[in-house]
Amino acid sequence: MNQQTALDILKLGCNVFLTGPAGSGKTYLLNQYIEYLKSKKIGVAVTASTGIAATHLDGQTIHSWSGLGIKDELGKNDLAKLSRKKHYRQRFSKTKVLIIDEISMLHAHQLDIVNRICKNFKEPLLPFGGLQVILCGDFFQLPPVIKENKKAKFVVESLAWHEMKPQICYLNEQYRHEDTDMTKILNSIREDEVSDEIFDLLLTRENKSVAMSDIKPTRLFTHNADVDAINNLELGKIKEKSTAYQMFTKGEEKLVKVLKKGCLAPERLVLKKGAVVMFVRNNFDRGYVNGTLGKITGFDENKLPIVRTFSGKNIIANPETWVIEDDDVILASVSQVPLRLAWAVTVHKSQGMTLDAAEMDLSKSFEYGMGYVALSRVRTLTGIKLLGINETALKINPEIYELDKELRKISAENAKEIAEMGRLEKRRRQKKFIKKDI
(Lines give C-alpha, C1' and ligand atoms only; values in the text may rest on other atoms or scores of the structure.)
Protein backbone atom coordinates (compact mmCIF):
# COMPACT_ATOMS: atom_id res chain seq x y z
CA MET A 1 0.00 0.00 0.00
CA ASN A 2 1.32 3.47 -0.81
CA GLN A 3 1.24 6.42 1.59
CA GLN A 4 -1.61 8.26 -0.14
CA THR A 5 -3.92 5.22 0.09
CA ALA A 6 -3.07 4.80 3.77
CA LEU A 7 -3.73 8.50 4.41
CA ASP A 8 -7.11 8.22 2.67
CA ILE A 9 -8.04 5.29 4.97
CA LEU A 10 -6.93 7.21 8.07
CA LYS A 11 -9.12 10.15 7.05
CA LEU A 12 -12.17 7.87 6.95
CA GLY A 13 -11.98 7.62 10.75
CA CYS A 14 -11.36 3.85 10.77
CA ASN A 15 -9.30 2.18 13.46
CA VAL A 16 -5.99 1.41 11.76
CA PHE A 17 -2.82 -0.62 12.22
CA LEU A 18 -0.14 1.25 10.26
CA THR A 19 2.84 -0.98 9.57
CA GLY A 20 5.60 -1.74 7.09
CA PRO A 21 9.36 -2.30 6.97
CA ALA A 22 11.88 0.04 8.54
CA GLY A 23 12.25 3.13 6.35
CA SER A 24 8.81 2.85 4.73
CA GLY A 25 7.72 6.25 6.07
CA LYS A 26 5.40 5.35 8.95
CA THR A 27 6.40 8.31 11.14
CA TYR A 28 6.26 10.69 8.19
CA LEU A 29 2.71 9.55 7.37
CA LEU A 30 1.61 9.89 11.00
CA ASN A 31 2.90 13.46 11.06
CA GLN A 32 0.94 14.20 7.89
CA TYR A 33 -2.25 12.90 9.49
CA ILE A 34 -1.61 14.78 12.73
CA GLU A 35 -1.24 18.04 10.79
CA TYR A 36 -4.46 17.27 8.89
CA LEU A 37 -6.37 16.65 12.14
CA LYS A 38 -5.06 19.85 13.72
CA SER A 39 -6.04 21.85 10.62
CA LYS A 40 -9.60 20.50 11.06
CA LYS A 41 -9.59 21.34 14.80
CA ILE A 42 -9.88 17.64 15.70
CA GLY A 43 -8.43 16.65 19.08
CA VAL A 44 -5.61 14.15 18.64
CA ALA A 45 -3.59 12.42 21.34
CA VAL A 46 -0.10 11.58 20.11
CA THR A 47 1.49 8.82 22.18
CA ALA A 48 4.00 6.01 21.95
CA SER A 49 4.95 2.88 23.87
CA THR A 50 8.30 4.37 24.94
CA GLY A 51 9.56 7.83 25.80
CA ILE A 52 12.16 7.75 23.02
CA ALA A 53 9.54 6.97 20.38
CA ALA A 54 7.22 9.62 21.79
CA THR A 55 9.79 12.37 21.29
CA HIS A 56 9.94 11.56 17.55
CA LEU A 57 6.34 12.76 17.28
CA ASP A 58 6.35 15.46 19.99
CA GLY A 59 4.02 13.29 22.05
CA GLN A 60 4.09 11.45 25.35
CA THR A 61 3.99 7.86 26.45
CA ILE A 62 0.63 6.08 26.35
CA HIS A 63 1.20 5.24 30.02
CA SER A 64 1.38 8.92 30.95
CA TRP A 65 -1.42 10.10 28.66
CA SER A 66 -3.95 7.45 29.70
CA GLY A 67 -3.24 7.55 33.42
CA LEU A 68 -1.94 3.97 33.43
CA GLY A 69 1.44 5.19 34.66
CA ILE A 70 3.75 2.48 35.98
CA LYS A 71 0.89 0.17 36.98
CA ASP A 72 0.72 -3.28 35.42
CA GLU A 73 -2.97 -3.68 36.16
CA LEU A 74 -5.92 -1.43 36.94
CA GLY A 75 -8.77 -2.26 39.30
CA LYS A 76 -12.18 -0.63 39.78
CA ASN A 77 -10.82 1.64 42.53
CA ASP A 78 -8.02 2.82 40.24
CA LEU A 79 -10.52 3.64 37.49
CA ALA A 80 -12.72 5.48 39.99
CA LYS A 81 -9.75 7.59 41.13
CA LEU A 82 -8.89 8.45 37.53
CA SER A 83 -12.51 9.45 36.87
CA ARG A 84 -12.36 12.01 39.66
CA LYS A 85 -9.37 13.79 38.17
CA LYS A 86 -10.53 16.85 36.28
CA HIS A 87 -7.59 17.05 33.85
CA TYR A 88 -8.17 13.48 32.67
CA ARG A 89 -11.87 14.17 32.15
CA GLN A 90 -11.01 17.28 30.13
CA ARG A 91 -8.34 15.41 28.16
CA PHE A 92 -10.70 12.64 27.08
CA SER A 93 -13.57 15.01 26.36
CA LYS A 94 -11.40 16.88 23.84
CA THR A 95 -9.85 13.80 22.21
CA LYS A 96 -11.29 12.18 19.09
CA VAL A 97 -8.21 10.37 17.76
CA LEU A 98 -5.64 8.34 19.71
CA ILE A 99 -2.29 7.47 18.10
CA ILE A 100 0.05 4.90 19.69
CA ASP A 101 3.44 4.59 17.97
CA GLU A 102 6.04 1.78 18.29
CA ILE A 103 3.22 -0.59 19.17
CA SER A 104 5.52 -3.64 18.95
CA MET A 105 6.93 -2.70 22.37
CA LEU A 106 3.53 -2.46 24.12
CA HIS A 107 2.24 -5.52 25.97
CA ALA A 108 -1.14 -7.00 25.00
CA HIS A 109 -2.54 -6.54 28.52
CA GLN A 110 -1.47 -2.88 28.52
CA LEU A 111 -3.52 -2.18 25.39
CA ASP A 112 -6.48 -3.88 27.09
CA ILE A 113 -6.08 -1.58 30.09
CA VAL A 114 -5.94 1.51 27.84
CA ASN A 115 -9.14 0.26 26.18
CA ARG A 116 -10.82 0.03 29.59
CA ILE A 117 -9.66 3.52 30.58
CA CYS A 118 -10.97 5.03 27.33
CA LYS A 119 -14.34 3.32 27.80
CA ASN A 120 -14.44 4.62 31.36
CA PHE A 121 -14.19 8.22 30.13
CA LYS A 122 -16.07 7.91 26.82
CA GLU A 123 -18.69 5.42 25.54
CA PRO A 124 -18.49 2.18 27.59
CA LEU A 125 -19.99 -0.01 24.85
CA LEU A 126 -17.61 1.04 22.06
CA PRO A 127 -13.98 -0.04 21.50
CA PHE A 128 -11.74 2.57 23.13
CA GLY A 129 -14.88 4.51 23.98
CA GLY A 130 -15.48 5.42 20.33
CA LEU A 131 -12.08 7.05 19.70
CA GLN A 132 -10.41 6.48 16.37
CA VAL A 133 -7.33 4.47 17.36
CA ILE A 134 -4.22 4.28 15.18
CA LEU A 135 -1.60 1.74 16.18
CA CYS A 136 1.72 2.15 14.39
CA GLY A 137 4.77 -0.08 14.33
CA ASP A 138 6.50 -3.12 12.93
CA PHE A 139 6.35 -6.44 14.77
CA PHE A 140 9.71 -7.46 13.27
CA GLN A 141 11.31 -4.78 15.41
CA LEU A 142 11.93 -4.96 19.15
CA PRO A 143 9.29 -6.76 21.25
CA PRO A 144 7.92 -5.71 24.67
CA VAL A 145 10.46 -5.81 27.48
CA ILE A 146 9.62 -8.81 29.66
CA LYS A 147 10.53 -10.11 33.08
CA GLU A 148 12.54 -13.29 33.35
CA ASN A 149 10.84 -16.52 32.24
CA LYS A 150 7.81 -14.71 30.82
CA LYS A 151 6.67 -14.68 27.20
CA ALA A 152 6.13 -11.38 25.39
CA LYS A 153 2.57 -10.98 24.16
CA PHE A 154 2.14 -8.57 21.27
CA VAL A 155 -0.98 -6.41 21.05
CA VAL A 156 -2.48 -8.68 18.38
CA GLU A 157 -3.13 -11.13 21.22
CA SER A 158 -5.15 -8.56 23.18
CA LEU A 159 -8.93 -8.45 23.46
CA ALA A 160 -8.76 -4.79 22.44
CA TRP A 161 -7.20 -5.66 19.05
CA HIS A 162 -10.05 -8.00 18.16
CA GLU A 163 -12.61 -5.54 19.47
CA MET A 164 -11.29 -2.58 17.46
CA LYS A 165 -11.03 -4.60 14.19
CA PRO A 166 -8.32 -2.39 12.68
CA GLN A 167 -7.92 -1.74 8.98
CA ILE A 168 -4.41 -2.84 7.98
CA CYS A 169 -2.25 -0.29 6.15
CA TYR A 170 0.99 -2.06 5.21
CA LEU A 171 3.33 0.47 3.59
CA ASN A 172 5.55 -1.10 0.94
CA GLU A 173 7.57 1.83 -0.42
CA GLN A 174 11.16 2.43 0.71
CA TYR A 175 12.48 5.88 1.64
CA ARG A 176 15.57 5.07 3.70
CA HIS A 177 17.67 2.42 1.99
CA GLU A 178 19.52 3.52 -1.08
CA ASP A 179 20.97 0.29 -2.49
CA THR A 180 19.56 -3.04 -3.64
CA ASP A 181 21.96 -5.11 -1.52
CA MET A 182 20.71 -3.52 1.71
CA THR A 183 17.09 -3.99 0.68
CA LYS A 184 17.81 -7.62 -0.29
CA ILE A 185 19.33 -8.40 3.13
CA LEU A 186 16.50 -6.79 5.09
CA ASN A 187 13.79 -8.42 3.00
CA SER A 188 15.42 -11.82 3.42
CA ILE A 189 15.36 -11.39 7.23
CA ARG A 190 11.67 -10.43 7.15
CA GLU A 191 10.89 -13.39 4.91
CA ASP A 192 12.92 -15.76 7.11
CA GLU A 193 15.07 -16.72 4.13
CA VAL A 194 18.60 -15.75 5.16
CA SER A 195 20.46 -17.97 2.72
CA ASP A 196 24.22 -18.58 2.65
CA GLU A 197 24.36 -16.07 -0.22
CA ILE A 198 22.67 -13.36 1.89
CA PHE A 199 24.83 -14.15 4.91
CA ASP A 200 27.97 -13.97 2.77
CA LEU A 201 26.78 -10.62 1.40
CA LEU A 202 26.48 -9.30 4.95
CA LEU A 203 29.88 -10.72 5.86
CA THR A 204 31.48 -8.67 3.09
CA ARG A 205 31.21 -5.85 5.63
CA GLU A 206 32.95 -7.78 8.44
CA ASN A 207 35.68 -5.53 9.85
CA LYS A 208 35.55 -3.41 6.67
CA SER A 209 36.14 0.30 7.16
CA VAL A 210 33.46 2.79 6.26
CA ALA A 211 34.52 5.71 4.06
CA MET A 212 33.40 8.71 6.11
CA SER A 213 36.16 11.28 5.73
CA ASP A 214 37.42 11.89 9.28
CA ILE A 215 34.13 11.13 11.05
CA LYS A 216 34.07 7.88 12.98
CA PRO A 217 30.79 5.99 12.43
CA THR A 218 28.42 5.39 15.34
CA ARG A 219 28.93 2.03 17.02
CA LEU A 220 25.81 0.04 17.86
CA PHE A 221 25.91 -2.36 20.79
CA THR A 222 23.26 -4.49 22.42
CA HIS A 223 24.17 -3.50 26.01
CA ASN A 224 24.33 -0.08 27.76
CA ALA A 225 27.58 -0.82 29.57
CA ASP A 226 29.51 -1.14 26.29
CA VAL A 227 28.03 2.11 24.96
CA ASP A 228 28.79 4.26 28.01
CA ALA A 229 32.33 2.93 28.31
CA ILE A 230 33.19 3.75 24.69
CA ASN A 231 31.68 7.26 24.69
CA ASN A 232 33.44 8.27 27.92
CA LEU A 233 36.71 6.75 26.79
CA GLU A 234 36.71 8.49 23.40
CA LEU A 235 35.76 11.91 24.82
CA GLY A 236 38.54 11.60 27.38
CA LYS A 237 41.11 11.06 24.63
CA ILE A 238 40.49 14.52 23.16
CA LYS A 239 42.88 17.14 24.57
CA GLU A 240 40.63 20.13 23.96
CA LYS A 241 38.69 22.43 26.29
CA SER A 242 35.26 21.06 27.14
CA THR A 243 32.01 23.04 26.85
CA ALA A 244 28.94 21.93 28.81
CA TYR A 245 25.25 22.51 28.07
CA GLN A 246 22.64 22.04 30.78
CA MET A 247 19.11 21.03 29.85
CA PHE A 248 16.44 23.67 30.59
CA THR A 249 13.13 22.28 31.88
CA LYS A 250 9.68 23.73 32.46
CA GLY A 251 6.31 22.38 33.56
CA GLU A 252 4.86 19.59 35.70
CA GLU A 253 7.65 17.58 37.33
CA LYS A 254 6.26 14.15 36.43
CA LEU A 255 5.89 15.09 32.77
CA VAL A 256 9.33 16.69 32.68
CA LYS A 257 10.71 13.41 34.01
CA VAL A 258 8.98 11.56 31.15
CA LEU A 259 10.53 13.91 28.59
CA LYS A 260 13.98 13.61 30.15
CA LYS A 261 13.79 9.84 30.06
CA GLY A 262 12.56 9.71 26.49
CA CYS A 263 14.70 12.47 25.03
CA LEU A 264 18.01 11.18 23.68
CA ALA A 265 19.72 14.50 24.46
CA PRO A 266 21.44 14.21 27.87
CA GLU A 267 20.63 16.51 30.79
CA ARG A 268 24.25 17.65 30.81
CA LEU A 269 25.93 17.53 27.43
CA VAL A 270 29.73 17.86 27.45
CA LEU A 271 31.36 18.51 24.09
CA LYS A 272 34.85 19.15 22.79
CA LYS A 273 36.20 20.15 19.42
CA GLY A 274 36.71 16.87 17.57
CA ALA A 275 33.90 14.97 19.35
CA VAL A 276 31.78 12.66 17.21
CA VAL A 277 28.11 13.54 17.70
CA MET A 278 24.69 12.61 16.48
CA PHE A 279 21.65 14.83 16.03
CA VAL A 280 18.73 13.47 18.07
CA ARG A 281 15.93 15.46 16.50
CA ASN A 282 14.38 15.82 13.06
CA ASN A 283 14.75 19.30 11.58
CA PHE A 284 14.45 19.05 7.82
CA ASP A 285 14.71 22.83 7.38
CA ARG A 286 18.09 22.92 9.12
CA GLY A 287 19.32 19.86 7.21
CA TYR A 288 19.44 17.11 9.82
CA VAL A 289 17.34 14.19 11.06
CA ASN A 290 17.37 12.01 14.13
CA GLY A 291 20.57 10.03 13.51
CA THR A 292 22.58 12.46 11.35
CA LEU A 293 26.26 12.06 12.21
CA GLY A 294 28.86 14.77 12.45
CA LYS A 295 31.94 16.08 14.17
CA ILE A 296 32.37 19.20 16.32
CA THR A 297 34.64 21.57 14.37
CA GLY A 298 34.38 24.44 16.83
CA PHE A 299 31.96 26.81 18.55
CA ASP A 300 30.36 30.05 17.35
CA GLU A 301 30.30 33.44 19.10
CA ASN A 302 27.39 32.24 21.27
CA LYS A 303 29.39 29.13 22.26
CA LEU A 304 27.02 26.92 20.27
CA PRO A 305 28.63 23.84 18.67
CA ILE A 306 29.35 23.83 14.94
CA VAL A 307 28.84 20.37 13.45
CA ARG A 308 30.30 19.21 10.16
CA THR A 309 28.09 16.37 8.94
CA PHE A 310 29.06 13.28 6.97
CA SER A 311 27.72 14.96 3.82
CA GLY A 312 30.04 17.93 4.39
CA LYS A 313 27.44 20.43 5.60
CA ASN A 314 28.26 22.80 8.48
CA ILE A 315 25.37 23.23 10.94
CA ILE A 316 25.21 25.36 14.07
CA ALA A 317 23.40 23.20 16.62
CA ASN A 318 20.88 25.59 18.13
CA PRO A 319 18.90 24.32 21.14
CA GLU A 320 15.67 22.45 20.36
CA THR A 321 12.61 22.00 22.56
CA TRP A 322 10.71 18.78 23.24
CA VAL A 323 7.20 19.26 24.56
CA ILE A 324 4.20 17.42 25.93
CA GLU A 325 1.04 19.24 24.97
CA ASP A 326 -2.65 18.72 25.40
CA ASP A 327 -5.10 20.55 23.16
CA ASP A 328 -2.32 22.94 22.06
CA VAL A 329 -1.46 23.77 25.69
CA ILE A 330 2.16 22.95 26.60
CA LEU A 331 2.20 20.98 29.86
CA ALA A 332 5.94 20.35 30.02
CA SER A 333 9.04 21.09 27.98
CA VAL A 334 12.77 20.42 27.93
CA SER A 335 15.29 22.37 25.88
CA GLN A 336 18.77 21.22 24.98
CA VAL A 337 21.29 21.28 22.16
CA PRO A 338 19.98 18.34 20.04
CA LEU A 339 23.18 16.30 20.14
CA ARG A 340 24.63 13.36 21.97
CA LEU A 341 28.03 11.74 21.89
CA ALA A 342 27.87 9.20 19.12
CA TRP A 343 30.86 6.96 19.16
CA ALA A 344 28.35 4.37 20.44
CA VAL A 345 24.61 3.89 21.06
CA THR A 346 22.42 0.90 22.01
CA VAL A 347 20.35 -0.93 19.43
CA HIS A 348 17.23 -0.19 21.52
CA LYS A 349 17.88 3.57 21.43
CA SER A 350 18.67 3.48 17.73
CA GLN A 351 15.12 2.39 16.85
CA GLY A 352 13.60 5.14 14.72
CA MET A 353 16.96 6.59 13.67
CA THR A 354 18.41 6.88 10.18
CA LEU A 355 22.21 6.56 10.18
CA ASP A 356 24.68 7.40 7.45
CA ALA A 357 27.13 4.83 8.77
CA ALA A 358 27.56 2.48 11.73
CA GLU A 359 29.91 -0.04 13.23
CA MET A 360 27.84 -2.72 14.93
CA ASP A 361 28.59 -5.57 17.27
CA LEU A 362 25.73 -8.07 17.17
CA SER A 363 27.70 -10.85 18.86
CA LYS A 364 25.68 -10.45 22.08
CA SER A 365 22.21 -10.22 20.46
CA PHE A 366 19.69 -11.72 22.85
CA GLU A 367 16.22 -11.26 21.33
CA TYR A 368 14.29 -11.44 18.08
CA GLY A 369 14.58 -8.35 15.89
CA MET A 370 17.84 -7.00 17.28
CA GLY A 371 19.86 -7.57 14.11
CA TYR A 372 17.04 -6.33 11.90
CA VAL A 373 16.69 -3.08 13.87
CA ALA A 374 20.45 -2.43 13.85
CA LEU A 375 20.97 -3.19 10.16
CA SER A 376 17.89 -1.29 9.03
CA ARG A 377 19.11 1.95 10.64
CA VAL A 378 21.74 2.40 7.92
CA ARG A 379 21.02 3.71 4.43
CA THR A 380 23.50 1.52 2.53
CA LEU A 381 25.38 -1.74 3.00
CA THR A 382 28.68 0.09 2.47
CA GLY A 383 27.77 2.25 5.45
CA ILE A 384 28.14 -0.77 7.77
CA LYS A 385 31.19 -2.16 9.49
CA LEU A 386 30.24 -5.47 11.11
CA LEU A 387 32.27 -6.09 14.28
CA GLY A 388 30.60 -9.36 15.23
CA ILE A 389 27.39 -11.36 14.89
CA ASN A 390 25.74 -14.37 16.52
CA GLU A 391 22.96 -16.75 15.44
CA THR A 392 20.25 -14.85 17.35
CA ALA A 393 20.92 -11.58 15.50
CA LEU A 394 19.16 -12.48 12.25
CA LYS A 395 16.40 -14.59 13.76
CA ILE A 396 12.79 -13.48 13.63
CA ASN A 397 9.86 -14.60 15.71
CA PRO A 398 8.19 -17.45 13.73
CA GLU A 399 4.76 -16.33 14.96
CA ILE A 400 5.39 -12.82 13.65
CA TYR A 401 6.51 -14.23 10.29
CA GLU A 402 3.12 -15.95 9.87
CA LEU A 403 1.27 -12.87 11.14
CA ASP A 404 3.12 -10.63 8.68
CA LYS A 405 1.95 -12.70 5.71
CA GLU A 406 -1.63 -12.32 6.89
CA LEU A 407 -1.24 -8.56 7.47
CA ARG A 408 0.07 -8.02 3.93
CA LYS A 409 -2.85 -9.98 2.50
CA ILE A 410 -5.43 -7.96 4.49
CA SER A 411 -3.70 -4.69 3.56
CA ALA A 412 -3.97 -5.53 -0.14
CA GLU A 413 -7.70 -6.18 0.34
CA ASN A 414 -8.12 -2.87 2.20
CA ALA A 415 -6.30 -1.00 -0.58
CA LYS A 416 -8.56 -2.61 -3.19
CA GLU A 417 -11.69 -1.64 -1.23
CA ILE A 418 -10.79 2.03 -1.05
CA ALA A 419 -9.76 2.08 -4.73
CA GLU A 420 -13.22 0.74 -5.62
CA MET A 421 -15.00 3.15 -3.26
CA GLY A 422 -15.02 6.03 -5.68
CA ARG A 423 -13.71 9.53 -5.10
CA LEU A 424 -17.03 11.15 -4.14
CA GLU A 425 -17.99 8.42 -1.67
CA LYS A 426 -14.53 8.59 -0.10
CA ARG A 427 -14.82 12.37 0.33
CA ARG A 428 -18.34 12.02 1.74
CA ARG A 429 -17.20 9.54 4.40
CA GLN A 430 -14.12 11.61 5.27
CA LYS A 431 -16.27 14.73 5.76
CA LYS A 432 -18.72 12.73 7.86
CA PHE A 433 -15.90 11.70 10.23
CA ILE A 434 -14.77 15.33 10.62
CA LYS A 435 -18.29 16.44 11.54
CA LYS A 436 -19.02 13.45 13.79
CA ASP A 437 -19.38 14.26 17.49
CA ILE A 438 -16.60 13.03 19.77
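**Cysteines, cores and a buried glutamate**

Colleague: What makes the sulfur of Cys118 too far from the closest cysteine sulfur for a bond?
Modeller: In this predicted model, the closest cysteine sulfur to that of Cys118 belongs to Cys136 and lies 18 Å away; a disulfide requires the two sulfur atoms to be within 2.5 Å, so Cys118 is too far from Cys136 for a bond.

Colleague: How do you know that Cys14 is in no disulfide?
Modeller: The search of the whole structure returns zero disulfides, and for Cys14 the nearest cysteine sulfur, that of Cys169, is 8.2 Å away. Because a disulfide needs its sulfur atoms within 2.5 Å, Cys14 is left in no disulfide.

Colleague: Why are Cys14 and Cys118 each called buried?
Modeller: Buried is the word for a relative accessible area under 20%; Cys14 has 16% and is therefore buried, and Cys118, with 0%, is therefore buried as well.

Colleague: Which residues have the most contacts inside the largest nonpolar core?
Modeller: They are Leu98, Phe139, Leu339, Met360 and Leu375, in a core of 106 residues, to which helix α7 (residues 108-121) gives the most, with six residues. Apart from that core lies another, of 26 residues, with Cys14 and Cys169 among them. In soluble globular proteins, nonpolar side chains tend to be buried together.

Colleague: What does Met360 contact, leaving aside its neighbours within four places in sequence?
Modeller: Its contacts include Leu220, Ala374, Leu375, Val378 and Ile384, as well as Lys385 and Gly388.

Colleague: What joins the side chains of Glu367 and His348?
Modeller: A polar contact of 3.3 Å joins them, which can be set against the cut-off of 3.5 Å for such a pair of N or O atoms. Glu367 is found in the loop between β19 (358-362) and α14 (370-376), and, leaving aside neighbours within four places in sequence, Glu367 is also in contact with Leu142, Pro143 and Thr392.

Colleague: Why are Asn207 and Lys303 each called exposed?
Modeller: Exposed means over 50% relative accessible area; Asn207 has 51% and is therefore exposed, and Lys303, with 58%, is therefore exposed too. Asn207, in the loop between α10 (196-203) and β7 (218-221), has a positive phi of about 55° although it is not a glycine; Lys303, in the loop between β12 (293-299) and β13 (305-309), has a positive phi of about 65°, again without being a glycine.

Key: Residues are numbered from 1 along each chain as its sequence is written. This is a predicted model: local features need pLDDT of at least 70, side-chain atom pairs count only at pLDDT 80 or more; totals for chains, interfaces and linings use all residues. Side-chain values use heavy atoms; hydrogens and water are left out. Helices (H or I, at least four residues) and strands (E, at least two) are DSSP runs, numbered from the N terminus. A polar contact is a pair of N or O atoms within 3.5 Å; within protein, one must be able to donate a hydrogen and the other to accept it, and residues adjacent in sequence count only if both atoms are side-chain atoms. Contact means heavy atoms within 4.5 Å. Buried means under 20% relative accessible area, exposed over 50%, partly exposed in between (1.4 Å probe, protein chains only). A nonpolar core is a set of buried Ala, Val, Leu, Ile, Met, Phe, Trp, Tyr and Cys residues joined through side-chain atoms within 4.5 Å.
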